[in-house]
Amino acid sequence: AEYMGDVEAEKRRRADIERYRGFLQDKLEKYVREHGASTKGGTGQGASWDRCERNKVSNGLMEFIYNTVKVEDPRVARVRGTVARDNEHSRYGVLYLLGNIDINMDMMGIVLEGVGAVGGALASGFGTDYGE
């Protein structure tokens with residue numbers, strides 16, 4: 001029974017923390033909308049912590065607290081996780097491809113390839129009859 005009481009107390013403590021986190025997040029969002037709004041009539045559009053005087057004075061502490069307590073939308077968090085994982089996998093793919101590249105610095109081959117590319121472009125441009 002004593003153990004069950006600890007579990008219930010822990011659940012209540014976690015619920016209190018989440019309630020306070022939500023309260024603090026709401027208050028800080030309201031503050032940045034009111035005091036960090038651009039000059040568009042104070043509607044909160046374009047609100048930024050850089051425009052809040054109290055955040056500047058506290059050397060970014062208000063923004064840090066907001067970012068610490070901010071609860072991200074689960075859908076956004078899932079998309080961010082997927083994008084991060086996909087970016088990581090694509091980096092490995094690019095590294096694999098670049099790891100197997102053989103770079104040949106043969107100057108004659110480079111010159112011939114460039115002349116061929118320029119010649120092909122000129123031939124396609126001059127060889128086209130635009131009159132028809």
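Gln-25 sits in helix α1, which covers residues 2-35; helices here are DSSP runs of H or I with at least four residues, strands are runs of E with at least two, and both are numbered from the N terminus. Gln-25 counts as buried because its relative accessibility is 11%; buried means under 20% relative accessible area, exposed means over 50%, and partly exposed lies in between, with a 1.4 Å probe and protein chains only. This is a predicted model, in which local features need pLDDT of at least 70 and side-chain atom pairs count only at pLDDT 80 or more, while totals for chains, interfaces and linings use all residues. Residues are numbered from 1 along each chain as its sequence is written, and side-chain values use heavy atoms, with hydrogens and water left out.

**What Gln-25 touches**

- Setting aside neighbours within four places in sequence, Gln-25 is in contact with Tyr-66, Val-69, Lys-70 and Val-71.
- Contact here means heavy atoms within 4.5 Å.

**The chain as a whole**

- The secondary structure of the protein chain comes to five helices and zero strands.
- Read from the N terminus on, the elements of the protein chain follow the order α-α-α-α-α.
- The protein chain has 132 residues, and 12% of them count as buried.
- Among contacts in the protein chain with a separation of 6 or more, 29% join residues 24 or more positions apart.
- The protein chain exposes about 11200 Å², and carbon and sulfur atoms supply 58% of that area; accessible areas come from the Shrake-Rupley method with a 1.4 Å probe, and for residues only the protein chains shown count as cover.

- Side chains of opposite charge can pair when their charged atoms come close.
- How many salt bridges does the structure hold? The structure holds five, where a salt bridge is a side-chain nitrogen of Lys or Arg within 4 Å of a carboxyl oxygen of Asp or Glu.
- Glu-8 is partly exposed, with a relative accessible area of 39%, whereas Lys-11 is exposed at 52%.
- Arg-14 and Glu-10 form a salt bridge at 3.1 Å, N to O. This pair also belongs to helix α1, with the two residues four apart, about one turn of the helix.
- Arg-14 is exposed, with a relative accessible area of 53%, while Glu-10 counts as partly exposed at 28%.
- Glu-10 and Arg-14 also belong, together with Arg-13, to a network of salt bridges.
- Arg-19 and Asp-16 form a salt bridge at 2.1 Å, N to O. Their places are in helix α1, three residues apart, about one turn of the helix.
- Arg-19 counts as exposed at 54% relative accessibility, and Asp-16 is partly exposed at 41%.

**Aromatic pairs**

- The count comes to two aromatic pairs. Rings of Phe, Tyr and Trp (its six-membered ring) pair if their centres lie within 6.5 Å; planes under 30 degrees apart count as stacked, over 60 as edge-to-face and the rest as tilted.
- The rings of Trp-49 and Tyr-66 have centres 5.8 Å apart and planes at 45°, so this pair is tilted.

- Val-94, Leu-98, Ile-101, Ile-103, Met-105, Met-107 and Ile-110 make a nonpolar surface patch of about 750 Å². Patches are made of residues with over 30% relative accessible area and no salt bridge: like charges are joined within 9 Å, and nonpolar side chains (Val, Leu, Ile, Met, Phe, Trp, Tyr) within 5 Å.
- Helices α4 (74-99) and α5 (107-126) each supply at least two residues of the nonpolar patch.
- Leu-98 lies in helix α4 and counts as exposed at 51% relative accessibility.

**A loop residue to look at**

- Where is Asn-59 found? Asn-59 is in the loop between α2 (53-57) and α3 (61-69).
- Phi of Asn-59 is near 60°, a positive value in a residue other than glycine.
- Asn-59 is exposed, with a relative accessible area of 72%.
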